[in-house]
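Hi,

Here's the structure I promised to pass along. Have a look, and my notes on it follow below.

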Amino acid sequence: MQKNFNILNRFCSPLFFLLSLNTMWAQTEYELEYIKFFNKQSLAGKVNSFDTLRTTLKPTCYPLIKNELESIKLHALQDNKTNILNRLQKIDGEMYFLNRNYSKAIPIFTDMLIRNKIATANDSAEILYFLKNSYINIHSLKKAIDIHKILVRLKQKNPEIDGWLLHPKLSLLYYEMKLYKESLNQQLLEFDEMKISNDLLLGYYNNRGLFWSKYGNQDSALECFNKARAVFYRMHRGKKLSVNDEFTIGLIEGNIGQSYIELKDYYMAIPLLKKDVIYSVRSLNYHNAAVSEIELAKCYIYLDQNELGKKYLDSAYVRLYGIDDYKTQLNILKQYALYYEKIGHNKLCIEYYKKYNYFKDSTETQESLKELVSAQMTNQMQEKENMIIENQKKIKERTIELSNQKAIQNVLFFGGVILVVIIIMILTQLKKTNSQKLLLELKNKQIETRNEIINKSLLEKDLLIKEVHHRVKNNLQIISSLLKLQAGKTQNPEILNSLKEAQDRINSMALLHQLLYRNNEVTRLLFNEYLSGLIAQISSSFSLTNTKISIESKLTELELDLDTAIPLGLITNELISNAYKHAFNSATGKITVELSKVFKNTYMLKISDNGIGLPKNFDITNLHSLGLDIVSILADQISGELKIYNDSGAHFEIHFVKK
């Protein structure tokens, strides 16, 4: 298993890799100094000081100033300080990213890009960098590549942008997608950027050797690995090697040894791999040492020195204890099976092959599940991005429509004034003639005709909007039916549950559009009427399995716009469904849905049950639940306040303002 210096999600560049090992220092002292500096700044200065703080220090410093940043946000909202609010939004996204909460980081960065909330080109590049690496972490590499290309174009227009924001390079993204030929071609285009320093050039040649090795050309791989070794010794000529330096040259020579194994030149590979093992142990990197020991075992087994091979396998087995690397685990099981086959111990050979196949099947299943979850997350992020774009489009269209209406009103007003002047002039003249009555009747008829045209136009617009709601409802029902058909094709409970949840969410939105189609008002609806229908729909969905669970509703009459009604409907669907599934140990129970006015334009939607309640130390931000993530995200979307507590069962309250 050859190693590169630019492993995705671990190192941004070879330079970062080489320097990060030598820059460990007592951060606690720095944090105290930073807090003193932070407290002396103005509101904008505090935000700017944290935004420009070294990335490695942010996770430890953020908890110390989080409350202060929240206070600054409130002041900025009151004073409408857009620049401070935008920087705080960027900080929120970055902290989600650093805490690996990519599902929350992606919508924040996407919103900032679409709404053009970015002050400088370097800020844009930073946001694109975080967005790209968020997609990398959820294994959406095609999306990451698209963002990387945008970053490259931005860098071309703004050379002052930091070069590290373009890492990982496009060649490494192609490598992760197993497009080795594309990796090699792309890396040639990156050479000019990498040759500016020996650190970057070292990583360039090592990674190029890895690309050639994966492509199947070991001769070219050896040539590149040897160039990397030459660059290393040129950099360290006459210097004593540190532990980190030894580890670096060990990696390179281990890669050379691996290429010799692929060429079946085991005698050449052995001393190189031994060197890698020694240097890896000195640097306490036992995982890397174990990888090379397995390759040493392979060499000795192929050279019929089986006991030496067994010795290295046993050593690697001990070093891998507690290390989660399924590829290496598979490799060591395979080598044990090969060893016992070579010494004629067929029973143990078969046993290890069985372990190998079982573990391989198990890990492949886990990887498939991870890919499925990743795909779902990517689709959700894409839907969120599309929703933001669509909302922006609607806002723009509405602005144009209002502008056009205002222009029409002005034209009609001035036209009316002119028309009145003309009529007065005509009436003045008609006083002297007998045709006055005829002219007045003619003008009245013209006005009536225009009113009929205007009324007809308004009616057509209302019918068109109702037809849109009707078609949206039909399309959502088609999607729901397709999900139901898909569910019939699988027996996997997890997949069935996911499809059922998706179907319920779609049905809740379809019901809303159905009500809008029926009502005379096409942009607002009676939310209490919609909730009643939604509750009945969800109750019917679970009636076959939970016949003794009842739902009680107490709903105040309330008219809402679509932007508020849709998120609240989805929240209601998620919380009632969760109560049916998880709230009751027995088959009986009661779920209560309340919609009430708190004061003025503030209302409360409350979903509660008399079940087992929430677990102790419940924290919605640390759950791996798509449903509760949706509840939290939708509450934020309508600027609502989400409260969760236990009181003889679980209680969820969403306080929101009617627009």
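The axes of helix α4 (residues 58-79) and helix α5 (residues 82-98) come within 11 Å and cross at roughly 150° (axes are lines fitted to C-alpha atoms, for helices over the stretch in contact, with angles from 0 to 180 degrees between N-to-C directions). That makes the two roughly antiparallel (the label for angles over 145 degrees). Helices here are DSSP runs of H or I with at least four residues, strands are runs of E with at least two, and both are numbered from the N terminus.

Before going on: this is a predicted model, where local features need pLDDT of at least 70, side-chain atom pairs count only at pLDDT 80 or more, and totals for chains, interfaces and linings use all residues. Residues are numbered from 1 along each chain as its sequence is written, and side-chain values use heavy atoms, leaving out hydrogens and water.

Back to the pair: α4 residues including Tyr62, Leu69 and Ile72 meet α5 residues including Leu88, Ile91 and Met95 (contact means heavy atoms within 4.5 Å).

Then there's an open, mixed sheet of five strands, ordered β2-β4-β5-β7-β6 (strands pair if DSSP finds at least two bridges between them). β2 (548-555) and β6 (641-646) are at the edges with a single partner strand each, so one side of each has no neighbour in the sheet. From one strand to the next, the twist averages 15°. β2 pairs with β4 (residues 588-599) in the parallel sense over eight bridges, and leucine 555 has leucine 595 in β4 as its bridge partner. Helix α22 (residues 527-542) packs on this sheet, touching β2, β4 and β5 (602-609), and its direction makes about 180° with that of β2.

Cheers

Key
Angles under 35 degrees count as roughly parallel, over 145 as roughly antiparallel, 65 to 115 as roughly perpendicular and the rest as oblique.
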